[in-house]
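Thanks for coming. I have one structure to go through today, so let me put it on the screen.

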Amino acid sequence: MLKQRVITALVLLAILLPALFYPSPTAFAAVALVLMAAGAWEWGRLNGLGGGASLGLGAVCVALCGAAWATGWLQQPLPWLWAIGGAAWVLGGALLLRGGVEGWPRVPRLLRVVGGVLALWLAWLAVAQARVAGINYLLSVLTLVWMADIAAYFAGRAFGLKFTRNKLAPAISPGKSWEGVWGGMLGVLLLAVCWTLADTHWQAAVPSFYSLLARRGWWLLVLGAVFMAAMSVVGDLVESLIKRSAGVKDSSGLLPGHGGVLDRIDALLPTLPLALMLSHYAAA
């Protein structure tokens, strides 16, 4: 299993890093599009669609992303879209988590399928726009999610249930604790402050997500970092809820040793469009 994880990670890095640092954003947008299409295929399977219908769902995702690409949306400010998408994630995520595993099957399947494809399309558009904005900006958003996950893991192992009596969501993800959430938030806060100071010290040509928030004031940087860390947890829990409802451990086996694409990008689905939303507000 460890060998599989290492090999898969190396293959992904060999694909993603050249695409990320390619002079044009096109290469990264194309790689991200393939990943989102795979995620749409997984989404179809998680919602009980057959093999052909799931492949068709992947094709629909590609068509939506391609249409946005062809119409020049990667270079256009879309504050209205980020506001709608961000609000949908905040409200929809809260409703889904409140309903729990039992509530997911009660959502009409058509709504589940359409909502999932739109979430993947929105995340692709956000990550592609972030790459157009600049590598520093894109990496600052991606590392936010990674830091939240890593810090939550170590904080949970060290302090889980030492300050609270109840786990975060035992019926959805038994391993998560409130201490882990707080640790993830603290880790993101430290990352945000350090990245902002580094941008200032090295006079970054492209501002990071954190620097954009800090321009409005450190209060927004703190609130934005905590909010984004919380929403990364929401994305993770929503996918866990759906997998439990479907009775599977992983979204697929596309990434040997790592599960499926959705398992790797679940926390990015809400945070990417929300980062664009907050950035447009901060820059306004």
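First, a term: a nonpolar core is a set of buried Ala, Val, Leu, Ile, Met, Phe, Trp, Tyr and Cys residues joined through side-chain atoms within 4.5 Å. Please keep in mind that this is a predicted model.

The largest such core here has 83 residues. Helix H5 supplies the largest share of this core, 13 residues. The residues with the most contacts inside the core are Leu 120, Trp 124, Leu 125, Tyr 137, Phe 209, Tyr 210 and Ile 265. Take Leu 120 as one of them. Setting aside residues up to four places away in sequence, Leu 120 touches Met 36, Gly 39, Ala 40, Cys 61, Leu 262, Ile 265 and Leu 269.

Cys 61 leads on to the cysteines. How many disulfides are there? The count is 0. For Cys 65, the nearest cysteine sulfur belongs to Cys 61, and that is 4.2 Å away. Cys 65 counts as buried because its relative accessibility is 0%, and the cut-off for buried is under 20%.

Next, helix H4, which runs over residues 79-103. What would a straight helix of 25 residues span? At 1.5 Å a residue it would span 36 Å, but the end C-alpha atoms of H4 are only 32 Å apart. H4 also has a kink of about 50°, centred on Leu 97. Its buried residues include Trp 82, Trp 89 and Val 101, along with several glycines, among them Gly 85, Gly 86 and Gly 93. The helices that the buried residues of H4 pack against are H5 (109-133), H9 (218-246) and H11 (268-283).

Is Ser 140 buried or exposed? Ser 140 is buried, because its relative accessible area is 0%. A polar atom of its side chain lies 2.6 Å from the backbone oxygen of Tyr 137. Thr 143, at 18% relative accessibility, also counts as buried. The side chain of Thr 143 in turn reaches the backbone oxygen of Ser 140, at 3.4 Å.

Now their contacts, leaving out neighbours within four places in sequence. Ser 140 is in contact with Trp 195, Ser 208, Phe 209 and Tyr 210. Thr 143 touches Leu 191, Trp 195 and Tyr 210. Phe 209 and Tyr 210 were both on the list of core residues with the most contacts.

That is the end of my part.

Definitions and conventions
Residues are numbered from 1 along each chain as its sequence is written. This is a predicted model: local features need pLDDT of at least 70, side-chain atom pairs count only at pLDDT 80 or more; totals for chains, interfaces and linings use all residues. Side-chain values use heavy atoms; hydrogens and water are left out. Helices (H or I, at least four residues) and strands (E, at least two) are DSSP runs, numbered from the N terminus. The expected span of a helix is 1.5 Å times one less than its number of residues. The bend at a residue is the angle between axes fitted to the seven residues ending there and the seven starting there. Buried means under 20% relative accessible area, exposed over 50%, partly exposed in between (1.4 Å probe, protein chains only). Contact means heavy atoms within 4.5 Å. A polar contact is a pair of N or O atoms within 3.5 Å; within protein, one must be able to donate a hydrogen and the other to accept it, and residues adjacent in sequence count only if both atoms are side-chain atoms. A disulfide is a pair of cysteine sulfur atoms within 2.5 Å.
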